[in-house]
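Work through the exercises below with the sequence and the 3D structure at hand. Try each task before reading its solution.

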Amino acid sequence: MLEDMKDLEAIEIGLNLEKDGIHFYTAAAKKMEGQDVEAAAVLRQLAEEEQKHYQDFLKKRNELTGNEHSGHAGIARLMKKLVHTGIFAPFGESAQKIASVTEVWEIFAMAIRAEKDSIFFYHEAADSGADDSGRRMYRWLIGEETRHLRKLGELYEKYR
Ligand SMILES: [Fe+2]
């Protein structure tokens with residue numbers, strides 16, 4: 001269903017994903033500060049790593065916009081489609097979500113779901129026409145988010 005996705009559209013979605021991730025992990029770290037110093041530190045580190053991914057997407061977008069133009073209408077349409085079909089539950093609205101959490105493990109469960117969605121998306125992006133360097137970037141990101149997933153799994157087990 002993502003076969004019509006252009007490289008630039010994928011990058012825009014990636015930017016949104018990473019930005020949401022930064023907000024989510026920052027808010028989660030803040031919430032954990034008074035409760036568990038170790039978990040807060042891990043969450044802060046995750047926020048920093050998503051910040052780096054965000055910068056990588058910006059760099060990639062700058063590389064591509066020199067010779068390719070893509071309408072933002074297409075991106076908006078695709079995002080809407082992804083959200084509507086429910087295959088995609090990004091970190092979005094993380095401030096409200098984290099505020100409503102009463103158990104610590106719920107934070108990690110939410111993060112695990114969002115990381116899984118990110119990994120799914122990056123697989124699709126890597127397969128949907130990215131050039132060699134784009135594919136390398138997405139494969140690298142899949143490795144990164146998989147590492148996040150493992151770390152979050154350990155924390156989930158610890159608190160559940
Ligand atoms: Fe990321």
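The model used here is predicted.

**Exercise 1. The handedness of a crossing**

Task: Decide whether the crossing of helix 5 and helix 6 is left-handed or right-handed, and describe how the two helices pack.

Solution.
Step 1. Helix 5 and helix 6 cross in a left-handed way.
Step 2. The residues that form the contact of helix 5 with helix 6 are 18 nonpolar, five polar and five charged.
Step 3. Helix 5 spans residues 104-127 and helix 6 spans residues 132-159. Their axes come within 9 Å and cross at roughly 160°.
Step 4. Angles over 145 degrees count as roughly antiparallel. Helix 5 and helix 6 are therefore roughly antiparallel to each other.

**Exercise 2. The elements of the chain**

Task: State how many helices and how many strands the protein has, and give the order of the elements.

Solution.
Step 1. The protein has six helices and zero strands.
Step 2. Read from the N terminus on, the order is α-α-α-α-α-α.
Step 3. Among contacts between residues at least 6 apart in sequence, 79% join residues at least 24 apart.

**Exercise 3. Helix 1 against helix 5**

Task: Find the angle at which the axes of helix 1 and helix 5 cross, then list the residues that make the contact.

Solution.
Step 1. Helix 1 covers residues 7-32, and its axis crosses that of helix 5 at roughly 165°. The two axes come within 11 Å.
Step 2. With the cut-off of over 145 degrees, helix 1 and helix 5 are therefore roughly antiparallel to each other.
Step 3. The crossing of helix 1 and helix 5 is left-handed.
Step 4. On the side of helix 1, the contact is made by A10, I13, G14, L17, F24 and A28. On the side of helix 5, I107, A111, A114, S118, F121 and A125 take part.
Step 5. Sorted by class, the contact of helix 1 with helix 5 has ten nonpolar, two polar and no charged residues.

**Exercise 4. Helix 1 against helix 2**

Task: Work out how helix 1 is oriented relative to helix 2.

Solution.
Step 1. Helix 1 and helix 2 pack at an angle of about 160°, and their axes are 8 Å apart.
Step 2. That angle makes helix 1 roughly antiparallel to helix 2.
Step 3. Helix 1 and helix 2 have a left-handed crossing.
Step 4. The contact of helix 1 with helix 2 has 16 nonpolar, five polar and seven charged residues.

**Exercise 5. The nonpolar cores**

Task: Name the residues that touch the most other members of the largest nonpolar core, and say which helix gives the most to this core.

Solution.
Step 1. The largest nonpolar core has 18 residues. F24, Y25, A28, L43 and A111 touch the most other members.
Step 2. Helix 1, helix 2 (37-65), helix 5 and helix 6 each supply at least two residues of this core.
Step 3. Helix 1 gives the most, with seven residues.
Step 4. Take L43 as a case. Leaving out residues up to four places away in sequence, L43 touches Y25, A28, A29 and M32.
Step 5. A second, separate core has eleven residues, among them I11, I13, L17 and M137.
Step 6. As a general point, nonpolar side chains tend to be buried together in soluble globular proteins.

**Exercise 6. Buried or exposed?**

Task: Classify A10, I13, D7 and A99 as buried, partly exposed or exposed.

Solution.
Step 1. A residue is buried with 20 or more other C-beta atoms within 10 Å of its own, exposed with 12 or fewer, and partly exposed in between.
Step 2. A10, in helix 1, counts as buried because it has 26 C-beta neighbours inside 10 Å. The C-alpha atoms of A10 and A125 are 6.1 Å apart, although 115 residues separate them in sequence.
Step 3. I13 is also placed in helix 1. I13 has 24 C-beta neighbours inside 10 Å, so I13 counts as buried. From C-alpha to C-alpha, I13 and F57 are 9.7 Å apart.
Step 4. D7 lies in helix 1. D7 has 18 C-beta neighbours inside 10 Å and therefore counts as partly exposed. The C-alpha atoms of D7 and A125 are separated by 7.6 Å.
Step 5. A99 lies in helix 4 (residues 94-99). With 9 C-beta neighbours inside 10 Å, A99 counts as exposed. The C-alpha atoms of A99 and K31 are separated by 8.3 Å, and the two residues are 68 residues apart along the chain.
Step 6. For the protein as a whole, buried residues make up 31% of the 160 residues.

Definitions and conventions
Residues numbered from 1 in each chain as written. Predicted model: local features only at pLDDT ≥ 70, side-chain atom pairs only at ≥ 80, totals over all residues. Axes fitted to C-alpha atoms, helices over the stretch in contact; angles between N-to-C directions. Helix = DSSP H or I, 4+ residues; strand = E, 2+ residues; numbered from the N terminus. Parallel < 35°, antiparallel > 145°, perpendicular 65-115°, else oblique. Left-handed = near helix turned anticlockwise from the far one by under 90°. Nonpolar A, V, L, I, M, F, W, Y, C, P; charged D, E, K, R; others polar. Contact = placed C-beta atoms within 7 Å. Core = buried A, V, L, I, M, F, W, Y, C linked by C-beta atoms within 7 Å.
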